[in-house]
Every structure is written in C-alpha cells, then in structure tokens.
Amino acid sequence: MSRKTKQGKYKFIERYTDPLTGKYRRVSIVLEKNTAQARKQAQGALQERIEVSIAPKKSSINLSQLVNLYYNEQKETLKPSTYDRNHNVCMSIAKTLGNDILVENINAGYIKKCFLSSGKSPVTLNEWLIRLKALLRWGYKNDYII
C-alpha cells in the first residue's frame, strides 16, 4: 500500500502479524517516486525489515555472565556443597574457554581444542563436558541463549 505525503513523497506501508504476540504490526518506507521500480525497491526493503523484526534476536551474553546467572539460581535450589562444586567447575570451564567469549560463538571444535590444550585428565574433561552441557541447556531453557 502506498500513500502520498504532504511533502510530495510516497510512503509505502506493509502490515504483518507478529508471531510472538499475534498482533498486527506495520513497517513503512518513504521514497521519492511511485514508479514500478520504486514499488519493487520498497517491497524488498519492507520485506527485509519484517524479517529483521520477526527473526529471533541473537544473544550477546558472555560465558562468565551465564555462569553467574546459573550459579545464582542454583544457590536457591541446591545444597551448598553441590552448588559450590558446580560453580567451581563452571568457573574452571569459563577460564579455559575464555570468560569474555560470547556463548553464541562457542562451537564443538573450539571446546575440544581448548579442553585438550588444558592438559587436564580425561576424567576432569568429562566432568567439564557434562557441566558445560548442563550450563548451556539451562541457558537455553531460561532464554539466555538461542
């Protein structure tokens, strides 16, 4: 849909349904002309804006922040000895992988490289892997990571 503005330009408007709320939303773009080429350009730009607004937002939480959030919840739900053990293991993992690394950038190859270069025993690496998986599942279930 297009409308002529008071300034003589053309405003192209597209409506879509927000999948999270079920409500109608609008996006618009203003162009100089209302030619076939301008309409095609507006349609592409509007579709891109809709995709950006609908797409899930990338998480920008780093590993140490996720560990602290995990630790604070476990403090409320587990025995002190259990959450201290889990926290210490998670802190060791964060130190090995890098405290400031974004969780969304961690992949299996990076984990394997860092774990093997740490020089820890296979038993320790297995425990780290189990705890890391639990941490990432918790982060996913609580919407901290995608």
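Helices (H or I, at least four residues) and strands (E, at least two) are DSSP runs, numbered from the N terminus. The model is predicted: local features need pLDDT of at least 70, side-chain atom pairs count only at pLDDT 80 or more, and totals for chains, interfaces and linings use all residues. Residues are numbered from 1 along each chain as its sequence is written, and side-chain values use heavy atoms, with hydrogens and water left out.

I50 lies in helix α1. Its relative accessible area is 7%, so I50 is buried. Buried means under 20% relative accessible area, exposed over 50%, and partly exposed in between (1.4 Å probe, protein chains only). I50 touches E14, Y16 and V27, not counting residues up to four places away in sequence. Contact means heavy atoms within 4.5 Å. I50 and D18 are 32 residues apart in sequence. Their C-alpha atoms are 9.2 Å apart in space.

Two strands pair if DSSP finds at least two bridges between them. Strands of a sheet pair through backbone hydrogen bonds, either parallel or antiparallel. Strand β2 (residues 10-17) is joined to β3 by eight bridges, and the two run antiparallel. F12 has I29 as its bridge partner in β3. The hairpin of β2 and β3 has six residues between the strands. There, G22 takes a positive phi near 80 degrees.

Helix α2 (residues 63-77) holds S64. The 15 residues of α2 should span 21 Å at 1.5 Å a residue. The end C-alpha atoms of α2 are 21 Å apart, which agrees. The expected span is 1.5 Å times one less than the number of residues. Within α2, L63, S64, L66, V67, Y70, Y71 and Q74 are buried. Seen down the axis of α2, the buried residues fall within an arc of 150 degrees, so they line one face of the helix. The arc is that of the directions from the helix axis to the C-beta atoms. The buried residues of α2 pack against α3 (80-97) and α5 (122-141).

S64 counts as buried because its relative accessibility is 19%. The side chain of S64 makes a polar contact with the side chain of N62 (3.0 Å). A polar contact is a pair of N or O atoms within 3.5 Å; within protein, one must be able to donate a hydrogen and the other to accept it, and residues adjacent in sequence count only if both atoms are side-chain atoms. N68 is also placed in helix α2. With a relative accessible area of 38%, N68 is partly exposed. N68 and M91 are 23 residues apart in sequence and 9.0 Å apart in space, C-alpha to C-alpha.

D143 lies in the segment after α5. Its relative accessibility is 68%, so D143 counts as exposed. D143 has a positive phi of about 60 degrees, although it is not a glycine. Most residues other than glycine have a negative phi.
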